[in-house]
Amino acid sequence: MEGGSELVVRRINAGTKFRDFYSWPDEELDEMESTLAIQQYIQQKIRRDFTDIEGILELPMKVDVNVWNYEHLRQFCMQLNELCVMLQPVCNAETCSQMTATASWIFLCAVHKEPKECCAIDYIRHTLDGAASILNSNKYFPSRVNIKDSSVNKLPSTCRRVYRIFSHAYFHHKSIYDDFEGRTMLCHRFDRWVKKFDLITPDLLIVPLDDNSDNLSDNSDGDGYSTLINNSVIEAPNYKEDDGQYATVSEHSPQPNSVVEPDIEVEDSDEDDETTIRE
């Protein structure tokens with residue numbers, strides 16, 4: 001007791017039951033004296049009400065928008081590890097030999113010396129590991145309170161890769177996605193976040209939510225599951241997507257031995273002199 005007020009100790013002691021975690025009162029951001037204050041503030045708002053997406057994403061006064069987005073992306077990656085664990089029993093090299101969402105794209109994993117196909121669960125693990133490496137890099141993000149202008153462009157490219165985890169889970173493991181999303185609203189929050197801060201173009205947001213259901217690919221069936229039967233794969237080995245991740249284009253083949261030429265528009269990208277492949 002000091003000055004008539006009770007000292008609040010925000011600490012989870014050994015032996016504390018899970019239901020008693022974070023049982024202390026909320027704290028205002030300007031009262032948090034830590035380099036991790038933004039992360040703690042975001043997590044506090046999520047615990048208070050994870051369905052209050054606008055409240056969670058609302059940028060506080062005097063907080064740099066780049067730091068705000070950086071901390072949110074860290075939080076998304078941390079929470080996506082749970083989805084990865086949930087997928088592991090059913091998503092493996094036999095059930096999901098390629099990283100796909102709809103039938104339009106097969107993503108090659110760029111973490112290898114030469115980009116190559118990974119089964120979906122390995123792609124997801126590699127993506128989260130890669131995001132962790134970038135977000136914890138002293139080269140790109142040496143500080144949690146200031147973000148270098150030269151490092152800001154790492155956020156959108158990481159967002160695009162991370163989003164593919166949601167899309168694969170939705171189109172191929174819908175029941176697991178629904179369970180996870182019902183408890184976290186993470187995809188809804190991610191979708192609203194990247195739109196609010198202009199981090200991903202809306203045409204790449206293919207998981208059908210209330211406000212972007214029109215973006216669902218025509219290559220999926222009525223239930224939202226992608227159609228991947230009897231597909232021919234047309235590879236473009238020398239091209240990259242605009243975020244640096246190789247991709248091949250897959251089109252439905254009406255005859256087993258025929259190849260349908262897709263309409264591919266090749267554009268120069270301003271980011272790292274890469275090339276964008278779009279159908």
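Visitor: In which hand does H4 pass H5?
Guide: This is a predicted model. The axes of H4 and H5 come within 10 Å of each other. Where H4 passes H5, the crossing is left-handed.

Visitor: Are H4 and H5 roughly parallel or roughly antiparallel?
Guide: The two axes cross at roughly 155°. Angles over 145 degrees count as roughly antiparallel. Therefore H4, relative to H5, is roughly antiparallel.

Visitor: How many nonpolar residues does the contact of H4 with H5 have?
Guide: On the H4 side the contact includes Tyr 123, Ile 124 and Leu 128. By class, the contact of H4 with H5 has 3 charged and 3 polar residues, and its nonpolar residues number 10.

Visitor: What is the distance between the axes of H3 and H7?
Guide: Helix H3 covers residues 65-87, and helix H7 covers residues 186-196. They pack at an angle of about 155°, which is over the 145 degrees needed to count as roughly antiparallel. That makes H3 roughly antiparallel to H7. The distance between their axes is 11 Å.

Visitor: Which residues touch the most other members of the largest nonpolar core?
Guide: This core has 64 residues. Phe 190 touches Phe 76, Cys 159, Val 162, Tyr 163, Phe 166 and Ile 200, leaving out residues up to four places away in sequence. The core members that touch the most others are Phe 190 and Trp 193.

Visitor: Which element gives the largest share of the core that holds Phe 190 and Trp 193?
Guide: Phe 190 and Trp 193 belong to the largest nonpolar core. Elements that give two or more residues to this core include helix H1 (37-48), strand S1 (105-109) and helix H6 (174-184). The largest share, 10 residues, comes from H3.

Visitor: Is Val 90 buried, partly exposed or exposed?
Guide: Val 90 lies in the loop between H3 and S1. Buried means under 20% relative accessible area, and exposed means over 50%. At 37% relative accessibility, Val 90 therefore counts as partly exposed.

Visitor: How far apart in space are Val 90 and His 173?
Guide: In sequence, Val 90 and His 173 are 83 residues apart. From C-alpha to C-alpha, Val 90 and His 173 are separated by 8.2 Å.

Key
Residues are numbered from 1 along each chain as its sequence is written. This is a predicted model: local features need pLDDT of at least 70, side-chain atom pairs count only at pLDDT 80 or more; totals for chains, interfaces and linings use all residues. Side-chain values use heavy atoms; hydrogens and water are left out. Axes are lines fitted to C-alpha atoms, for helices over the stretch in contact, and angles run from 0 to 180 degrees between N-to-C directions. Helices (H or I, at least four residues) and strands (E, at least two) are DSSP runs, numbered from the N terminus. Angles under 35 degrees count as roughly parallel, over 145 as roughly antiparallel, 65 to 115 as roughly perpendicular and the rest as oblique. A nonpolar core is a set of buried Ala, Val, Leu, Ile, Met, Phe, Trp, Tyr and Cys residues joined through side-chain atoms within 4.5 Å. Buried means under 20% relative accessible area, exposed over 50%, partly exposed in between (1.4 Å probe, protein chains only). Contact means heavy atoms within 4.5 Å. A crossing is left-handed if the near helix is turned anticlockwise from the far one by less than a right angle, and right-handed if clockwise. Ala, Val, Leu, Ile, Met, Phe, Trp, Tyr, Cys and Pro count as nonpolar, Asp, Glu, Lys and Arg as charged, and the others, Gly among them, as polar.
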